[in-house]
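Hello,

Here is the structure I said I would hand over. My notes on it follow below.

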Amino acid sequence: MINEEKYKELKAYCAARNIELIAVSKKQPNEKIQYLYDLGHRDFGENRVEELQNKCHLFPDDIRWHFIGHLQSKKVKLFEPIPYLIHSVDRHKLLEVLDKEGAKRDQKINILIQVKIAKEDSKYGFTFKEAEKTIDNLIKEDQYSHLALKGVMAMATFTDNEGQVQSEFISLAKFMVEMRKKHTDSPKSLEVLSIGMSNDYSIAADAGGNMVRIGSAIFGPRKYD
Ligand SMILES: *Cc1c(COP(=O)(O)O)cnc(C)c1O
């Protein structure tokens, strides 16, 4: 079963700091998701379109599904419905595809801009410079009228070096402070700072993160990884 004690500890921790807790349910059995739902949890994160589509119809529709994985353009049309928030918008092409999909469905799609803060080559995301330009464009709204920007997301380098993780998170938090200052008239667009996972959520919280995405600490190890 799930680690209920850890979940309750995380819930209290997040509530005390005004942080939103996303339970990352990718590759977890449905019974565990249902168990957490029955405890009252409503925000769940998935990283594959097919898996999300298979799952979301098995659960009540008051769940807020967060899409957190690298998203291929051709899969956008498979979303039914569009997730509550797409964290992983990591390139221009995807902005265009999502905007078109929003127009087609006559709805606004909630997104975060993924910023590459990790030193590894494998992590997706905009550079700080690209992210700034993209955020400016999204907020001006002369482009991408079917996208609703909510903030930014990032993943730190996968390392035991906490100092490095901390400095990566802090660099993004500083960027957010600057962007919020630049766009004080649209505070809702830069509300969310989605950083922190099972191993580094307290570093993320101390850096100023206000949305954490936690999987294995709540659910236990994934079925296949
Ligand atoms: C899997 C995943 C998480 C959760 O990871 P855990 O270490 O299990 O907490 C968070 N964010 C993203 C983007 C993920 O892919």
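**Pockets and cores**

Lining the largest pocket are 36 residues, of which Lys-26, Lys-123, Met-155, Met-197 and Arg-222 lie nearest its centre. A pocket here is an open set of points on a 1 Å grid over the protein atoms alone, where a 1.4 Å probe fits, with protein on both sides within 12 Å along at least five of seven lines; lining residues have an atom within 4 Å of a point. By class, this lining has 13 nonpolar, 13 polar and 10 charged residues (Ala, Val, Leu, Ile, Met, Phe, Trp, Tyr, Cys and Pro count as nonpolar, Asp, Glu, Lys and Arg as charged, the others, Gly among them, as polar).

The model is predicted: local features need pLDDT of at least 70 and side-chain atom pairs pLDDT 80 or more, while totals for chains, interfaces and linings use all residues. Residues are numbered from 1 along each chain as its sequence is written, and side-chain values use heavy atoms, without hydrogens and water.

The largest nonpolar core has 64 residues, and Leu-98, Ile-111 and Ile-113 touch the most other members. Such a core is a set of buried (under 20% relative accessible area, 1.4 Å probe, protein chains only) Ala, Val, Leu, Ile, Met, Phe, Trp, Tyr and Cys residues joined through side-chain atoms within 4.5 Å. A second, separate core of six residues includes Leu-112, Met-153, Val-192 and Met-211.

Met-211 and Val-192 also line the second largest pocket, as do Glu-20 and Lys-188, among others. That lining has four nonpolar, two polar and four charged residues.

Regards

Terms used: Buried means under 20% relative accessible area, exposed over 50%, partly exposed in between (1.4 Å probe, protein chains only).
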